[in-house]
Amino acid sequence: MLNALERFAPLPLQESWDNAGLQVGLTETEVSGALLCLDVNERIVDEAIAKGCNLIVSHHPLLFRSLKQISGENDVQRSVMKVIKNDICVVSMHTNMDNAVGGVNFKIAEKMGANVCRQTLVSPSGDERGAGPMVVAELPEPMAARDFVQMVKERFGVACAMCNELLERPIRKVAICGGAGDFMLPDAVAKGADAFVTGEMHYHVFFGYEQQIQICVIGHYQSEQYTSEVFREIINKECPGVPTFIAETNTNPIRYI
């Protein structure tokens, strides 16, 4: 199964600072079930145990920073201890899945009903499987900015979207970068996008784009929540017969009050 996931999103596509791939456990063990999620925490591990899954496939790595001890003093350490104790393997597909053709940004486009423009699929590394950290997609029909933002909020279950002033021209071409994507905003403008959808952006990046592009920031978790569907599609195609479960546990630490 790990091979199937890495064929779809090769590890060389991950960014240099990332830690995608096998996190904990042995890959030779027969898979009893796979729990698919965005983040790994103790509640996710408990859900895997309850569902009889000995594999967790996450988007965000469990082991993002190095561990100097495993004593149970924080959630990451306790999660590591619990998966080892219960013989659960953890695999994470992070920026390699962000950059893969058919990956995170393609799923976001699909949820918006937009088609990715194939000419945008160029990876900085030149990898033929790479799409880069952002894709540009076209909506079936132009939309007024307010209607576009409302549509995105509804499709992604967003309580509120952070936007710059509403664009006064119709939106048709949309640049998409799941997660923390403000570094791609200038490139979105250069590609002639009418809108830029991402998960989070710094305050000062919003300045200076009035009537150039419609910025729509929907939350890190919200933008990447459907990545589990990509995992399920890969596993169901490449490893038929393996039970797959999209996690019911909401791991978003942010509350809108």
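## Strand β4 and its neighbours

V24 sits opposite V90 in β4, and strand β1 (residues 21-24) is joined to β4 by 3 bridges, with the two running antiparallel. Strands here are DSSP runs of E with at least two residues, helices are runs of H or I with at least four, and both are numbered from the N terminus. Two strands count as paired if DSSP finds at least two bridges between them. Strand β3 (residues 55-58) and β4 run parallel, joined by 4 bridges.

Which way do the residues of β4 point? C89 and V91 go one way, V90 and S92 go the other, and all are buried. Buried means under 20% relative accessible area, exposed means over 50%, and partly exposed is in between (1.4 Å probe, protein chains only). As a rule, side chains in a regular strand alternate between the two faces of the sheet.

## A word on the model

This is a predicted model, where local features need pLDDT of at least 70 and side-chain atom pairs count only at pLDDT 80 or more, while totals for chains, interfaces and linings use all residues. Residues are numbered from 1 along each chain as its sequence is written, and side-chain values use heavy atoms, with hydrogens and water left out.

## The open sheet

Another group to look for is an open sheet of 6 strands, in the order β5-β6-β8-β9-β10-β7, with mixed pairing. Its edge strands are β5 (115-116) and β7 (162-163), each pairing on one side only. β5 and strand β6 (residues 135-143) pair in the antiparallel sense over 2 bridges, and N115 has E138 in β6 as its bridge partner.

β8 and β9 run parallel, with 5 bridges joining them; A180 stands opposite E200 in β9. In β9, 5 of the 6 residues are buried, so this strand is largely enclosed by the rest of the structure.

## The nonpolar core

The largest nonpolar core has 48 residues, and M112, F148 and V174 have the most contacts inside it. Such a core is a set of buried Ala, Val, Leu, Ile, Met, Phe, Trp, Tyr and Cys residues joined through side-chain atoms within 4.5 Å. Helix α6 (residues 145-156) gives this core its largest share, 6 residues.

Leaving out residues up to four places away in sequence, M112 touches several residues, including F148, M151, V174 and V197. A contact means heavy atoms within 4.5 Å.

The largest pocket has a volume of about 970 Å³. To find pockets, a 1 Å grid is laid over the protein atoms alone: a pocket is an open set of points where a 1.4 Å probe fits, with protein on both sides within 12 Å along at least five of seven lines, and lining residues have an atom within 4 Å of a point. Grid points are joined across faces, edges and corners, and the volume is the space filled by probe spheres set on the points. Which residues lie nearest the centre of the largest pocket? They are H60, H94, E200, H220 and E224, out of 43 lining residues. By class, the lining has 21 nonpolar, 15 polar and 7 charged residues.

The second largest pocket holds about 190 Å³ of space. At least two lining residues come from each of α1 (2-8) and β4 (89-92).

Notes. Nonpolar A, V, L, I, M, F, W, Y, C, P; charged D, E, K, R; others polar.
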